[in-house]
Amino acid sequence: MASRFVDRAVIHLTAGDGGNGCASVHREKFKPLGGPDGGNGGNGGDVLLIVDGGVHTLLDFHFRPHAKAGSGKMGQGGNRAGAAGETLEMRVPSGTVVMTEDGEILADLVGTGATFVAAQGGRGGLGNASLASNARKAPGFALLGEPGETRNLVLELRSVADVGLLGFPSAGKSSLISVLSAAKPKIADYPFTTLVPNLGVITAGSTVFTMADVPGLIPGASEGKGLGLDFLRHIERCAVLVHVIDCATFEPGRDPLSDMDALEEELARYTPSLGGDLADRPRVVVLNKIDVPDAAELAELVRPELEARGLSVFEISTASRQGLKELTYALAAVVEKYRAEQPEPEPEKVVLRPMAVNDAGFTVEIDPEEEGAFIVRGVRPERWIRQTTFGNDEAVGYLADRLQRLGVEEALARKGAVPGSPVTIGDVQFEWEPSTPGVAVHLSGRGTDVRLENNDRIGASDRKEARRIRRDGPDGVEAGTDGE
């Protein structure tokens, strides 16, 4: 069965969800109020793309485009944290470019071990033991885990090669790479025999370089004709481009100069997404099949004109191996020169970007779709919304405390919000009821918040005052005496 080469794949990734925190109270004989002991939820697993030297194609992603990392486990009582979700490692070949569906490049993975976090796992929720404070000694709630990130990404493989062979179908590119290296591409006498790029490793003295045999190009390749756009991207990384010209072709209307000009026009129209310009890459012209007498005469005829353009020209024959040694060492010299001209790779720097003094970390906008409504946007407010159990009044009160400390209430007031104004944060809309500035918040029983309930029950202090009145009278004189 013939192997399939896939150099482009669309993948759908889902990172693991964070585990929920646990709301638990320690129970032990003779210790009825042992305090909160709910553990934190585990973090969700990430989805990683890692370069593996043993992987050469994106075929696995073509058949299995969906992938999901493990979710974190829920926290438990006894201060037991939930286990973290298992990270999913996906192996990709060197030269893989990671892009969004809109074409934005997120990462260019080159070199074994290069890693990219394709989808971030959700944070685990805090248990009530971590939420305890002096004002909230026994929280009756815990935070929910965050959902993992979901992303659709495009993977494109761009061959990492020093030399790229260009030419019309059946120009002899596959034969050339087969005699210069240990690569064994399919070779036949019909057009488009090569349907996948072939890579070969070549040694010339102390120089070792790689050569890519790009499938045959034709006029219109930059617009998608033939196999053009599918494989033009494989020459984006090449240090030198080699035009392999068939001097023994019998097709009418074709000659070495017109073949080269046609392909150069396609290269000029193609814009590498990795940056740079193919017009700046060194060129070498290989006049192939000179073992045929007519081809040798044609090569002698066109060689002066090609050299007049400033190009290095080599006459070779893959059948008789004539001229191959000179070509190999010449390519090695060009590659060495190109490598020497490249700037030294700088070690990756850790960049710290502190938050600006006037950056609150959120914004308040007027809702354009609803009169008198507002939208709060920001990483922290939206994360807090996802972590809140809205069926628990105490958890809602805790959310209100966090938003108030962040300054959301002040920002809403400055924007013109009034009590009862609809406010949307993330996927939740609620009516804004601001806290009274400067007044401490006193929480009631577990799972409730006095700000969210109308409690008409008479408290202990009120009952004590009523007993005093019954005993001493409204004026403070004990009943049954004349006050003396």
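The structure is a predicted model, in which local features need pLDDT of at least 70 and side-chain atom pairs count only at pLDDT 80 or more, while totals for chains, interfaces and linings use all residues. Residues are numbered from 1 along each chain as its sequence is written, and side-chain values use heavy atoms, with hydrogens and water left out. Helices (H or I, at least four residues) and strands (E, at least two) are DSSP runs numbered from the N terminus.

- An open sheet of 3 strands has the order 4-2-7, with mixed pairing; two strands pair if DSSP finds at least two bridges between them.
- Strand 4 (88-92) and strand 7 (115-119) each have a single partner strand, so one side of each is left without a neighbour in the sheet.
- Neighbouring strands of this sheet are turned by 30 degrees against each other on average, direction ignored; axes are lines fitted to C-alpha atoms, for helices over the stretch in contact, and angles run from 0 to 180 degrees between N-to-C directions.
- Strand 2 (residues 47-51) runs parallel to strand 4 and is joined to it by 5 bridges. In this pairing, I50 stands opposite R91 of strand 4.
- A further open sheet has 5 strands in the order 3-1-8-5-6, and its pairing is mixed.
- At the edges of that sheet stand strand 3 (66-68) and strand 6 (105-109), each with a single partner strand, so one side of each lacks a neighbour in the sheet. The twist from one strand to the next averages 25 degrees.
- Strand 1 (residues 8-14) and strand 8 (residues 150-157) run antiparallel and are joined by 7 bridges. H12 stands opposite N152 in strand 8.

**Nonpolar cores**

- In soluble globular proteins, nonpolar side chains tend to be buried together.
- A nonpolar core is a set of buried Ala, Val, Leu, Ile, Met, Phe, Trp, Tyr and Cys residues joined through side-chain atoms within 4.5 Å. Buried means under 20% relative accessible area, exposed over 50%, and partly exposed in between (1.4 Å probe, protein chains only).
- The largest nonpolar core has 23 residues, and those with the most contacts inside it are L13, L49, F61, V98, L109 and L155. Two or more residues of this core come from each of strand 1, strand 2, strand 4, strand 6, strand 7 and strand 8.
- A second, separate core has 22 residues, among them I202, V240, L331 and V335.
- Apart from its neighbours within four places in sequence, L49 is in contact (heavy atoms within 4.5 Å) with M90, V92, V98, L109, A114, T115, F116, A118 and L155.

**Helix 8 and its surroundings**

- Helix 8 (residues 379-387) has P381, R383, W384, I385 and Q387 buried.
- These buried residues pack against strand 16 (374-377), helix 9 (393-406), strand 17 (422-425) and strand 18 (428-431).
- Helix 8 and helix 9 pack at an angle of about 175 degrees, with their axes 11 Å apart. The two helices are therefore roughly antiparallel, a term for angles over 145 degrees.
- Where helix 8 meets helix 9, R380, P381, W384, I385 and Q387 face L399, R402, L403 and L406.

**Salt bridges**

- A salt bridge is a side-chain nitrogen of Lys or Arg within 4 Å of a carboxyl oxygen of Asp or Glu. The count by this rule comes to 15 salt bridges.
- E264 forms a salt bridge with R283, the closest N and O atoms being 2.7 Å apart. This pair links distant parts of the chain, with E264 in helix 5 (residues 256-269) and R283 in strand 13 (residues 283-288), 19 residues apart.
- E264 is partly exposed at 21% relative accessibility, whereas R283 is buried at 14%.
- A salt bridge also joins E149 and R151, with the closest N and O atoms 3.7 Å apart. E149 is partly exposed, at 31% relative accessible area, and R151 is partly exposed, at 22%.
- The side chains of R471 and D472 form a salt bridge at 3.3 Å, N to O. R471 is partly exposed at 49% relative accessibility, and D472 is buried at 15%.
- D162, E336 and R339 belong to one network of salt bridges that share partners.

**Positive phi outside glycine**

- N79 is not a glycine, yet has a positive phi of about 55 degrees. N79 lies in the loop between strand 3 and strand 4 and is exposed at 53% relative accessibility.
- R321, also not a glycine, has a positive phi of about 65 degrees. R321 is found in the loop between strand 14 (312-315) and helix 7 (324-341).

Definitions and conventions: Parallel < 35°, antiparallel > 145°, perpendicular 65-115°, else oblique.
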